[in-house]
Structures are given as structure tokens and as C-alpha cells.
Amino acid sequence: MHVSAINIYPIKSCRGFSVPEAEVEARGLAGDRRYMLVDANGKFLTQREHTRMALIDVHATRDGYRVEAPGQPPLEIPHALASGVESEVRIWRDTVPATLAGEDINIWFSQYLGFACGLVYQALDQHRPVTNDAAEFDDEVSFADGAPILLISTGSLADLNGRLAAPVTMDRFRPNIVVEAPPFIEDSWRSIAIGSAELAVAWQCGRCILPTIDPATGVKHPRGEPLETLRSYRRVGPKIMFGQNVIPRKRGTIRVGDSVRVQ
């Protein structure tokens with residue numbers, strides 16, 4: 001078993017990109033979901049409600065990121081906001097500190113989405129704890145939904161696609177780490193090592209409606225696929241499980257091609 005892909009999503013709920021290697025930090029892969037869009041009240045924005053976010057492209061540059069969207073000129077943002085006004089923002093049940101981006105950046109996103117919104121950044125001294133019962137007292141997370149890292153095996157996607165009339169791609173599920181491995185073997189893992197990093201496989205990922213949105217078009221599937229098919233065999237109580245939420249236990253570097261060592 002080995003790592004077949006590593007994905008970074010710099011801005012929550014926008015497009016990401018694949019990298020050959022990444023640094024595992026306490027709050028997730030370096031650069032992953034450190035930015036987030038919020039509305040005028042400081043509440044986070046998501047593709048679940050604003051499907052046009054699926055078309056916001058983010059590319060890595062030497063100094064930061066180049067952001068593109070239909071009808072908008074390219075936008076350059078840095079790897080990190082060096083300074084700025086700090087404010088409290090809301091993501092799910094958490095109220096956490098974040099650094100506000102400048103007005104020019106906010107206008108760009110507001111013009112594209114059609115309502116007032118802004119970009120915020122999670123600085124190194126701004127922390128958000130992991131609140132799941134599987135977490136330890138000092139575990140933290142970026143602006144990801146609940147855990148620092150999401151992992152899925154290629155076999156799990158292949159199993160799903162074998163049941164679908166129209167196959168879907170892995171980017172529907174937005175994993176950080178994709179492992180070449182048999183279907184759902186990740187469900188049995190509790191601790192793994194990849195490269196120089198060690199990771200706790202903490203809890204299964206209960207899926208929202210986001211996988212029903214085509215990442216190429218931003219359009220929801222009219223019959224709710226692939227979730228409707230997953231519901232038939234991956235339902236646990238009210239939730240549909242696909243992928244594993246992972247918490248770093250030892251920082252390190254991971255690379256595509258690294259073996260996955262189950263501990």
C-alpha cells in the first residue's frame with residue numbers, strides 16, 4: 001500500500017491542487033484550508049449552499065496563490081497574511097479567531113459570488129481545537145470541517161464506481177491523502193505511518209451533500225448521486241460514511257509513492 005496522491009485545498013470549499021510531497025503539521029498538511037470565505041456576519045461559506053465556489057480555481061505560485069473564477073480577473077494572494085485585523089469567525093459550532101484579508105481581495109470574491117463576503121486567514125498563533133471525542137486535549141485543526149486530514153483509498157472509490165451508472169472522480173470527496181489500497185481497508189486502521197509522519201486514524205467521515213456537486217461544473221446531481229448509492233451500503237445510523245478523518249501524532253514529510261505502514 002502506498003500514497004498515490006496528496007491534495008492541498010488552500011481556501012475552504014474551493015478547488016485544490018495535487019502536490020508531490022507535503023509537510024504534516026499539527027493542524028493538517030501545510031497550506032491546507034488556512035483560508036476561508038465568510039459572509040458579512042463572519043459565518044463560513046461552503047459549496048453546500050453556494051455551488052459556484054466549486055469553480056474557484058486556486059494555483060500555487062512562488063509567493064502564494066493565484067485565484068481564478070469565471071468572469072473574474074486573476075487574483076494574487078500570499079501564502080499567509082503578514083498582518084491584518086483579527087476578528088472572530090464562525091465555522092460550524094466553533095467561534096475562532098482569524099485574520100481578515102484586505103478590501104481588494106474581499107471585493108473580488110464578493111463580485112464573483114454576488115453578495116458581500118470576505119476572505120480570512122488562520123495565522124500560526126490562531127488556534128481551533130478538534131472537538132471530536134477521538135481527539136486529545138491539544139489537537140488542533142485548520143478551517144477543515146472537523147479533522148486535520150482526510151484519507152481515502154483508491155479501492156473504496158473503485159468499489160463505489162462499480163455500483164454507479166456514471167463513475168465519479170476522487171475530487172468529489174476532497175481527500176488530502178489518497179492511498180492505493182483495497183476497498184475500505186482504511187476503516188480498520190487506527191494508527192499509520194507515512195514517510196516520517198505518524199497519524200491517528202481517528203473516526204469515519206460522515207458525508208454531507210458536497211459530493212453530489214460536480215467539481216467541473218458546480219452543478220448538483222439531480223438524483224443525489226453518488227450519495228444515494230453510498231447510502232445503500234455505507235450508512236451508519238443517520239450518516240453516510242466514506243473516508244477516514246486523521247489526526248497527526250508526529251510531524252514529518254509525506255511523498256507520493258511512500259508506503260503506508262499500519263501500526
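This is a predicted model: local features need pLDDT of at least 70, side-chain atom pairs count only at pLDDT 80 or more; totals for chains, interfaces and linings use all residues.
Local features need pLDDT of at least 70 and side-chain atom pairs 80 or more, while totals for chains, interfaces and linings use all residues. Residues are numbered from 1 along each chain as its sequence is written, and side-chain values use heavy atoms, with hydrogens and water left out.

Me: Is Glu 140 buried or exposed?
Reply: Glu 140 is in the loop between β11 (117–121) and β12 (149–153); strands are DSSP runs (E, at least two residues), numbered from the N terminus. Buried means under 20% relative accessible area, exposed over 50%, partly exposed in between (1.4 Å probe, protein chains only). Because its relative accessibility is 14%, Glu 140 counts as buried.

Me: With which side chain does the side chain of Glu 140 make a polar contact at 2.9 Å?
Reply: A polar contact pairs N or O atoms within 3.5 Å; within protein, one must be able to donate a hydrogen and the other to accept it, and residues adjacent in sequence count only if both atoms are side-chain atoms. The side chain of Glu 140 makes one with that of Arg 27 at 3.0 Å. The partner at 2.9 Å is the side chain of His 127.

Me: Which strand gives the most to the lining of the largest pocket?
Reply: β12, β15 (197–206) and β17 (239–250) each supply at least two residues of the lining of the largest pocket. With four residues, the one that gives the most is β15.
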